[in-house]
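Please consult the sequence and the structure shown below while reading.

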Amino acid sequence: MSLSLIGIIFVQAYFINNTLINEKNQFTLNVKRSLSFVSKAIEDKEFAVFDNKLQEFIEKGGKPDTTALSEIILKYQDNANNETVIFRNGILEESYKIPSLFFEIGLDSISLNRVQSNQETKVYSNNNLTGEFKISPEKSFQNIQSMSPLQQAHFIAATRERFKNIPVYKRITSEEVSGFLKKQLKNNGIDINFEFAIYDKDLATKVQSDDFEVSSATLGVPVFLDNNGESDYRLYVDFPERNKFLFSTILKMLLLSIIFTTIIIVAYSSAVYQLIKQRKISQIKTDFINNMTHEFKTPIATINLALDSIKNPKIIGDQEKVMRYLGMIKDENKRMHAQVENVLRISKLEKNELNISKDRVKLHDLVEDAITHVELIVEDRKGYVNMHLEAAKSSVLANESHFTNVIVNILDNAIKYSDDAPKIDVYTENVGNNILLKIADQGNGMSKQVQKRVFEKFYREHTGNVHNVKGHGLGLAYVKRIVEDHQGHISVESEKGKGSVFTIKLPLIS
């Protein structure tokens with residue numbers, strides 16, 4: 001299960017990483033495509049501006065500086081139709097010298113060429129020919145164009161050559177570049193903030209955005225190409241929010257992957273936790289059964305021995321011995337009954353079936369009553385229980401019987417877990433509207449790990465011999481449930497070999 005879970009996580013990470021790499025590559029491809037379109041758009045815009053300026057200059061009466069005319073005439077016979085076709089193409093190239101103020105580019109003047117084409121096709125019937133083509137043609141076709149594709153290429157080449165040394169900021173503005181970029185990037189699915197700049201041989205020009213900085217992720221493309229396809233100018237673009245944009249493209253898949261992987265991890269952890277918990281519970285219950293068996297084994301053996309002795313003819317006539325054995329049987333039976341009652345009591349507490357009625361009582365009276373239950377045992381082991389009842393107020397709302405059992409249980413533990421003579425001190429004090437009851441002993445103490453689990457049902461500290469101390473791990477679980485039922489709190493502070501201090505906090509009543 002662990003290997004499968006680790007494998008699933010690594011596979012998910014692998015696919016997510018691959019998807020992110022693909023998105024980065026697609027992003028770079030889209031940006032480069034956009035930059036290519038923008039480079040073309042910038043040049044087209046420049047050519048269109050100069051062409052429009054030239055037309056405007058001509059319309060205002062501008063005359064060509066030089067004029068060149070070339071003409072081609074083609075003649076061929078159409079035997080199928082008994083016709084003669086004559087094709088004529090005249091090309092007029094005009095050069096205009098335009099003042100610099102018209103373009104605002106800082107030069108005295110600039111020369112631009114305009115090419116015009118005049119195409120004419122005439123068809124003559126051979127029946128009417130005199131040999132000198134003086135008869136009017138039967139058909140005539142004439143087409144006058146401003147610029148053909150070839151002529152347009154000529155115009156572009158001439159324009160590139162004349163304007164390549166003009167400063168870039170006079171050829172294009174930052175606002176125009178930004179507009180081209182924004183439009184093309186959006187068309188390619190990239191709608192995020194960007195910074196741009198046009199560089200001239202690695203030096204920044206005035207055509208750039210305010211916060212542009214060159215980084216490893218900056219992409220560029222040449223602009224204002226010359227007739228050899230080369231350029232000193234490059235348009236760079238950078239995206240400060242690039243990583244955020246890329247992650248947003250895979251965010252849904254990433255979130256779903258994290259959610260489902262988390263669910264698997266939680267389910268797996270829960271399953272492992274339950275397995276470990278069930279194993280511990282099984283072990284604890286086994287110890288509980290062993291302890292209960294041991295607890296019942298001794299009383300049952302004692303009762304059997306007492307009954308066998310009573311059956312003895314020599315004993316049955318001795319009234320004193322019979323009564324002594326009957327007393328032993330009664331005590332052992334009472335002891336077994338108390339054990340069963342403890343188990344039933346904790347079971348009822350968990351099911352909220354135990355009816356605990358509460359009355360106004362003095363906590364000091366309950367303490368004194370509880371101590372009387374154990375003082376003979378303490379005296380027999382040459383120990384002591386000292387009371388330091390310093391609380392000025394001790395009235396609480398409690399069940400006298402159950403809360404007395406709580407104090408007796410804690411005192412009983414202090415006695416059982418003291419190898420030497422038990423030395424116990426009981427303190428009370430008022431803290432705000434509460435009373436604190438502290439029961440301190442100088443016994444064996446507990447480790448930090450045991451302190452965390454000492455109030456768990458069935459839990460008993462292993463000391464190498466499960467039965468070296470009588471009990472079944474229910475006493476302190478019962479104590480905790482009763483204290484909490486009285487809106488109180490119980491805690492323990494202990495150090496191995498130095499004893500323990502149990503502290504009970506209860507609310508006072510007026």
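Predicted model: local features only at pLDDT ≥ 70, side-chain atom pairs only at ≥ 80, totals over all residues.

Which residue in β12 stands opposite Leu389? The residue is Thr428.

## Overall composition

The protein chain contains eleven helices and 15 strands. Of its 510 residues, 37% count as buried. Among contacts between residues at least 6 apart in sequence, 69% join residues at least 24 apart.

## The five-stranded sheet

Five strands form an open sheet with mixed pairing, in the order β10-β12-β13-β15-β14. Its edges are β10 (384-389) and β14 (489-495), each of which pairs on one side only. From one strand to the next, the twist averages 15°.

Strand β12 spans residues 423-431 and pairs with β10 in the parallel sense, over six bridges. It is across this pair that Leu389 stands opposite Thr428 of β12. Helix α8 (residues 363-380) lies across β10, β12, β13 (434-441) and β15 (499-507). Relative to β10, helix α8 runs at about 170°.

## The four-stranded sheet

A further open sheet consists of four strands in the order β6-β5-β8-β7, and its pairing is antiparallel. The edge positions are taken by β6 (203-208) and β7 (219-223), each pairing on one side only. The twist in this sheet averages 35° from one strand to the next. Helix α3 (residues 174-187) packs on the sheet and touches β5, β6 and β8 (233-238). The direction of α3 makes about 125° with that of β5.

## Strand β5 and its partners

Strand β5 comprises residues 195-200 and is joined to β6 by three bridges, the two strands running antiparallel. Ala197 stands opposite Gln208 in β6, while Tyr199 stands opposite Ala204 in that strand.

Why is β5 described as largely enclosed by the rest of the structure? The description applies because five of the six residues of β5 are buried.

Helix α1 covers residues 2-59, and Asn30 lies within it. Is Asn30 buried or exposed? Its relative accessibility is 11%, and the cut-off for burial is under 20%, so Asn30 counts as buried.

The side chain of Asn30 makes a polar contact with the side chain of Arg33, at 2.8 Å. Leaving aside residues up to four places away in sequence, Asn30 touches Asn188 and Ile190.

## The annotated segment 253-276

The UniProt record, an unreviewed entry, places a "transmembrane region" at residues 253-276. In the model, this span is 100% helix and 0% strand.

Helix α9 (residues 400-416) and helix α11 (residues 475-485) have axes that come within 9 Å of each other and cross at roughly 145°. The crossing is left-handed. On the side of α9, the residues in contact are His402, Phe403, Asn405, Val406, Asn409, Ile410 and Asn413. They meet Gly475, Leu476, Tyr478, Val479, Ile482 and Val483 in α11.

Which residues of α11 are buried? They are Gly475, Leu476, Ala477, Tyr478, Val479, Ile482 and Val483. After α11 comes Gln487, which has a positive phi near 55°.

Key. Residues numbered from 1 in each chain as written. Heavy atoms only, no water. Pairing = 2+ DSSP bridges. Axes fitted to C-alpha atoms, helices over the stretch in contact; angles between N-to-C directions. Contact = heavy atoms within 4.5 Å. Buried < 20%, exposed > 50% of the residue type's maximum accessible area, 1.4 Å probe, protein only. Polar contact = N/O pair within 3.5 Å; in protein donor to acceptor, adjacent residues only side chain to side chain. UniProt positions renumbered as here; feature names shortened; annotations may be inferred. Left-handed = near helix turned anticlockwise from the far one by under 90°.
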